[in-house]
Amino acid sequence: MSRSRLPAPSDLPGIELPHNAVLPDYRNGGLFGLIRNVRAYLDGHPWHAPGPSAPPAPDATPRKLVFILIDGLGDMFLQRTGAEGTLLAHRTGRLTSVFPSTTASAVTTTMTGLPPARHGLTGWFIHDRRFGGVIAPLPAIQRGGAPLRGPLAVPRLFAYRTLFQRCKRPAVFISPRDLASSPYSRRHSRGASTVGYKGLQGMIDAIAATIGASGSHPILVHAYYPTFDGLSHAYGCNSKEVHTHFERIDAAFGQLLERLRGSGTDIVLTADHGFIDSPPERVIDLDALPGLQTLLAAPLFGERRTAFCAVRRGAERDFERMARECLTGKAAVTRSEDLIGLGVFGPGKPHRRLQERVGTHVLLMEPGWTIRDHVAGEQEHAMIGVHGGLSPDEMWIPLIQARC
């Protein structure tokens, strides 16, 4: 049964979860609830952010809304790093990400208003037999690098409406130029005008120009910034490179507040997930566990921190026993159907391929641990910073708000 409010991890006998797991909130305490309020704004209602503040009066003068998503900016990182900065000064609370806590799942929620259970993107990799097995939906390729074929491949893969369609208020999607024209972005920004930008300053300029051109009319500006995420993957979330870039983001946010002052604009800034670091000694190669690997009918999918497994029929108990022996202290082993029943993928009628896309079992990695496998032809990416799991650093994202 899908639920919007999940029990505490300590109240889940029979379901294994990692140490200090944070479960997603699909009510007012999570990213999904925030996007539900953005949807209401697009439908003509006054903007009302999550939290204890009273909603605006129904006859209040309509204001503009800027929604900014900084990919990878976790709330715990912000609180450790943002002292005396503009972002932390405007932090009004925290939210949970969706599950898995990863870009493919969370950004799709912000672009559609759907939880992962309904849009079906349950990680960087998903399993979909229609496209040959394990694929990466955002770049629309198979594991191994071959592109998805067929003129209707993208519409079939992303067969749902966007957040911006059939709305009373206009929306502008602001994205890096190289991403704005991708099949994923074009499909998920239907109903909005798209503005491409280059660099952090380019995003600030694009937001300010769009608000300035809107006159007195209410409008949603939906802006996405990915560079923080890329640096965290490459150098680690506690690296000098990431801290330096965070300072640039903080300064840019302060500049945006000044440029929009008096414009009648509400600004809300958040993230899709946070980060942890996984040192090389905590990276598990499935190739080194051949007994476990032979029980799988497909390569791993999902994320390195939440690995979905398609176990061969009849081998379920052997897989559970062997995984627990091999991965004690490194991963919790859980049946995927139990996670679906728990509601961690969100409420509503499930995507018709949800079960396929989460496999039979899931390896929920303990803090600091990741697991990976290899597919012929696939380019390997060494990652220090990772996400996708249930640790507090990955699951908690900031809620930052300002009125201009």
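Reply: Happy to! Strands β13 (residues 306-309) and β15 (residues 361-365) run antiparallel to each other, joined over four bridges. Within this pair, Phe-308 sits opposite Val-362 of β15. Please keep in mind that the model is a predicted one.

The two strands belong to an open sheet of four, ordered β12-β13-β15-β14 and paired in the antiparallel sense. The edges are taken by β12 (301-302) and β14 (331-335); each has a single partner strand, so one side of each lacks a neighbour in the sheet. Helix α13 (residues 316-326) packs on this sheet and touches β13, β14 and β15. The direction of α13 makes about 165° with that of β14.

Arg-357 lies in helix α15 (residues 354-358). How buried is Arg-357? Its relative accessible area is 0%, so it counts as buried.

For another view of pairing, turn to strand β1 (residues 64-70). Here seven of its seven residues are buried. Lys-64, Val-66, Ile-68 and Ile-70 point one way from β1, while Leu-65, Phe-67 and Leu-69 point the other way. β1 pairs in the parallel sense with β9 (residues 265-270) over six bridges, and Thr-265 in β9 is the bridge partner of Lys-64. Strand β8 (residues 220-225) is likewise a parallel partner of β1, over six bridges, with Ala-223 in β8 as the bridge partner of Ile-68.

Finally, a helix pair. Helix α9 (residues 199-213) packs against helix α11 (residues 240-259) at an angle of about 20°, and their axes are 10 Å apart. An angle under 35 degrees counts as roughly parallel, and α9 and α11 are therefore roughly parallel to each other. The crossing of α9 past α11 is right-handed. On the α9 side, the contact is made by Leu-200, Gln-201, Ile-204, Asp-205, Ile-207 and Ala-208. The α11 side brings Arg-248, Ile-249, Ala-252, Gln-255, Leu-256 and Arg-259. Sorted by class, this contact of α9 with α11 has seven nonpolar, two polar and three charged residues.

How values were computed
Residues are numbered from 1 along each chain as its sequence is written. This is a predicted model: local features need pLDDT of at least 70, side-chain atom pairs count only at pLDDT 80 or more; totals for chains, interfaces and linings use all residues. Side-chain values use heavy atoms; hydrogens and water are left out. Axes are lines fitted to C-alpha atoms, for helices over the stretch in contact, and angles run from 0 to 180 degrees between N-to-C directions. Angles under 35 degrees count as roughly parallel, over 145 as roughly antiparallel, 65 to 115 as roughly perpendicular and the rest as oblique. A crossing is left-handed if the near helix is turned anticlockwise from the far one by less than a right angle, and right-handed if clockwise. Contact means heavy atoms within 4.5 Å. Ala, Val, Leu, Ile, Met, Phe, Trp, Tyr, Cys and Pro count as nonpolar, Asp, Glu, Lys and Arg as charged, and the others, Gly among them, as polar. Two strands pair if DSSP finds at least two bridges between them. Buried means under 20% relative accessible area, exposed over 50%, partly exposed in between (1.4 Å probe, protein chains only).
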